[in-house]
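The sequence and structure come first.

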Amino acid sequence: MYLGIVKGTVVAERKASGLEGAKILLVQPVDERKQPTGDLQAAVDTVQAGPGDLVYLVGSREAALALNPWFVPVDAAIVGIVDGVGA
Amino acid sequence: MRCCRVVGPLWASVKHPAFARHTLLVVQPLDEHGKDAGPSFVAIDRAQAGVGDKVIVLTEGNGVRQITQQGDLTPIRSAIVGIVDAVDVAP
């Protein structure tokens, strides 16, 4: 899993089956100091996150497991909203 | 698996139910000399690790599902599975 900051919302009316109703957000992966660690990515949201939120995501096959139905074509899912990171 | 240093705890009250029972920690991957190598990431703690500890982190979901025993649909991908006492690097 990894941290990210929600940058925006992706609107896609036509999607693969299983993704109907899924909310897709634009996320910048970051480290614990909120410094960017890679390219912007689109991730499915499971926790009602919004722009500006620090979140944590799960990638690869486990991203699909966070959804219902679960056998869907996604490779990044937001699975928590971060309240704080200790140092 | 990766050798990492525990950076600190991560608090999240709104999260996927699969994470409800787990402690989340931010970990920083290390190279063979103990220097930071690559971006930090988040893992559940299965070894009672503390801040600053050097740890072994599993970074693959099937292994995590085997140790958490929460079923086949657990969306967790990384778990701290050991505390490192020492690393010997051949010269």
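A residue is called buried here if 20 or more other C-beta atoms lie within 10 Å of its own, with C-beta atoms placed from the backbone. The model is predicted.

## Strand 4 of chain A

Six of the six residues of strand 4 of chain A are buried by this criterion, so the strand is largely enclosed by the rest of the structure. Burial applies to both of its faces: A:Leu54, A:Tyr56 and A:Val58 are buried on one side, and A:Val55, A:Leu57 and A:Gly59 on the other.

Strand 4 of chain A pairs with two strands of its own chain, strand 1 and strand 5. The pairing with strand 1 of chain A is antiparallel and has four bridges; within it, A:Tyr2 has A:Leu57 as its bridge partner. Strand 5 of chain A also runs antiparallel to strand 4 of chain A, and five bridges join the two. Here A:Leu57 stands opposite A:Ile78. A:Leu57 therefore has a partner in the pairing on either account, A:Tyr2 and A:Ile78, and is itself one of the buried residues of strand 4 of chain A.

## Contact between chains A and B

Chain A contributes 28 residues to the contact and chain B contributes 25 residues. On the side of chain A that touches chain B, at least two residues come from each of strand 1 (2-10), strand 4 (54-59), helix 1 (61-65), strand 5 (76-81) and strand 6 (84-85). Sorted by class, this side of chain A holds 16 nonpolar, seven polar and five charged residues.

Strand pairing also crosses between the chains. Strand 6 of chain A and strand 1 (residues 2-11) of chain B are paired antiparallel over two bridges. In strand 1 of chain B, B:Leu10 is the residue opposite A:Val85.

## Chain B as a whole

Chain B contains one helix and six strands, and their order along the sequence is β-β-β-β-β-α-β.

The C-alpha trace of chain B spans about 45 × 25 × 20 Å along its principal axes. Of the 91 residues of chain B, 37% count as buried. Among contacts in chain B between residues at least 6 apart in sequence, 53% link residues at least 24 apart.

Definitions and conventions
Residues are numbered from 1 along each chain as its sequence is written. Chains are lettered from A and ligands numbered from 1 in the order in which they are written. This is a predicted model: local features need pLDDT of at least 70, side-chain atom pairs count only at pLDDT 80 or more; totals for chains, interfaces and linings use all residues. Two residues are in contact if their C-beta atoms, placed from the backbone, lie within 7 Å. Ala, Val, Leu, Ile, Met, Phe, Trp, Tyr, Cys and Pro count as nonpolar, Asp, Glu, Lys and Arg as charged, and the others, Gly among them, as polar. Two strands pair if DSSP finds at least two bridges between them. A residue is buried if 20 or more other C-beta atoms lie within 10 Å of its own, exposed if 12 or fewer, and partly exposed in between; C-beta atoms are placed from the backbone.
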